[in-house]
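Please keep the sequence and the model in view while following them.

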Amino acid sequence: MPANHHRFSYRLVLLFLLTFETTRHPASGDPNDEACLTNLHQTLEDPSHNLHNWTKPFFSNPCPGFESHLRGVTCNNGRIYKLSLTNLSLRGSISPFISNCTNLQSLDLSSNQISGEIPPEIQSLSNLAVLNLSSNRLSGVISPELARCSFLNVIDLHDNKLSGAIPQQLGTLARLSAFDVSENKLSGQIPANLGMRNGNSARFNTSSFAGNKKLYGYPLEERKSKGLSVMAIVGIGLGSGVASLVISFTGVCIWLKVTEKKMEEEEGKISHSMPDY
């Protein structure tokens, strides 16, 4: 009995030490998530210190349990699935390493002062359903490769400085239910598969595209021609021709009338000068 008691005590102590060691040194997180957060933190500027706990120790294991200690980070099954850093006065740019958060389903960096281009690497986020980068200072074009994120339900890029055309490929996103690119510097025609009617209504209404002076097509007004149309030019030409003919004809008539009157006066003079027989 004493021997069994000692073995039991030994196992109990060993279990305690293992538990203590595991608690003291928690398992490291996913290296992709670590790279994602580390690089994003390097490219973003945080003048208001809202991300004060975004430090390297937390980056190595951002999802120790069901919740993250990092502000704006939400985890699921030990991986980051949501980043929400809205209205934090953030500046700087979006790191292309954002694509390392491979389980990311929602990216919301709205209402900040982030500048630069939207990194095309976002196309690698195959699980992304919500992309909200609105109310920032983003410039450049909207990459057509964004359409590779086939699960996108929401694309909100309004109130930025984006230029160029709206990629036709975005219209192929079957799950897309909210789309807003208003108040940018976009140009060209709205892709038909984004403005197409669904029954008696547009897929996305005017408010989704307003505030882009060089953007046209349904549901906005059609482009207004800066020059004269072909028909207008033809009409002006025909009108000018008819006017010229009328003026010429009038001139000829007046000339004939004057000439005829002069001839009558000459004939009168001759008849008066001839003697009677």
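**Cysteines, sheets and a buried leucine**

Cys-149 counts as buried because its relative accessibility is 0%; buried means under 20% relative accessible area, exposed over 50%, and partly exposed in between, with a 1.4 Å probe and protein chains only. The model is a predicted one, in which local features need pLDDT of at least 70 and side-chain atom pairs count only at pLDDT 80 or more, whereas totals for chains, interfaces and linings use all residues. Residues are numbered from 1 along each chain as its sequence is written, and side-chain values use heavy atoms, with hydrogens and water left out.

In outline, the protein chain has five helices and 15 strands. Helices (H or I, at least four residues) and strands (E, at least two) are DSSP runs, numbered from the N terminus. Of the 277 residues in the protein chain, 32% are buried. The chain exposes about 17,500 Å², and carbon and sulfur atoms supply 58% of this area; accessible areas come from the Shrake-Rupley method with a 1.4 Å probe, and for residues only the protein chains shown count as cover. Contact means heavy atoms within 4.5 Å. Among contacts between residues at least 6 apart in sequence, 51% join residues at least 24 apart.

Which cysteines are bonded to one another? A search of the whole structure finds two disulfides, a disulfide being a pair of cysteine sulfur atoms within 2.5 Å. One of them joins Cys-36 to Cys-101, with an S to S distance of 2.1 Å. This link of Cys-36 and Cys-101 is left-handed, with -105° about the S-S bond. Cys-36 belongs to helix α2 (residues 31-43) and Cys-101 to the loop between β4 (91-92) and β5 (106-108), so the pair ties together parts that are 65 residues apart in sequence. Both Cys-36 and Cys-101 are buried.

A disulfide is also formed by Cys-63 and Cys-75, whose sulfur atoms are 1.9 Å apart. This pair links distant parts of the chain, twelve residues apart: Cys-63 is in the loop between α3 (56-59) and β2 (73-76), and Cys-75 is in strand β2. The link of Cys-63 and Cys-75 is left-handed, with -75° about the S-S bond, and both cysteines are buried. When the bonded cysteines of the protein chain are numbered in sequence order, the pairing is 1-4, 2-3.

Strand β2 leads on to the sheets. Two strands pair if DSSP finds at least two bridges between them. An open sheet of six strands has the order β2-β3-β5-β7-β9-β11, with mixed pairing. Strands β2 and β11 (178-180) stand at its edges, each with a single partner strand, so one side of each has no neighbour in the sheet. Neighbouring strands of this sheet are turned by 20° against each other on average, direction ignored. Axes are lines fitted to C-alpha atoms, for helices over the stretch in contact, and angles run from 0 to 180 degrees between N-to-C directions. Within the sheet, β3 and β5 pair in the parallel sense over three bridges, and Leu-83 stands opposite Leu-107 in β5. Helix α2 packs on the sheet, where it touches β2 and β3, and its direction makes about 25° with that of β3.

Leu-83 itself lies in strand β3 (residues 79-84). Is this residue buried or exposed? With a relative accessible area of 0%, Leu-83 is buried. Not counting residues up to four places away in sequence, Leu-83 touches several residues, among them Leu-37, Leu-40, Trp-54, Val-73, Ile-98 and Leu-107. Leu-83 and Gln-105 are 22 residues apart in sequence, and 8.5 Å separate them in space, C-alpha to C-alpha.

An open sheet of five strands has the order β6-β8-β10-β12-β15, with parallel pairing. At its edges stand β6 and β15 (214-216), each with a single partner strand, so one side of each is left without a neighbour in the sheet. On average, neighbouring strands of this sheet are turned by 30° against each other, direction ignored. Strand β6 (residues 115-117) and β8 pair in the parallel sense over three bridges, with Glu-117 opposite Ser-139 in β8.

In a regular strand the side chains alternate between the two faces of the sheet. Strands β8 and β10 (residues 161-164) pair in the parallel sense over two bridges, and Gly-140 stands opposite Leu-162 in β10. Strand β10 and strand β12 (residues 185-189) likewise pair in the parallel sense over two bridges, with Gly-164 opposite Leu-186 in β12.
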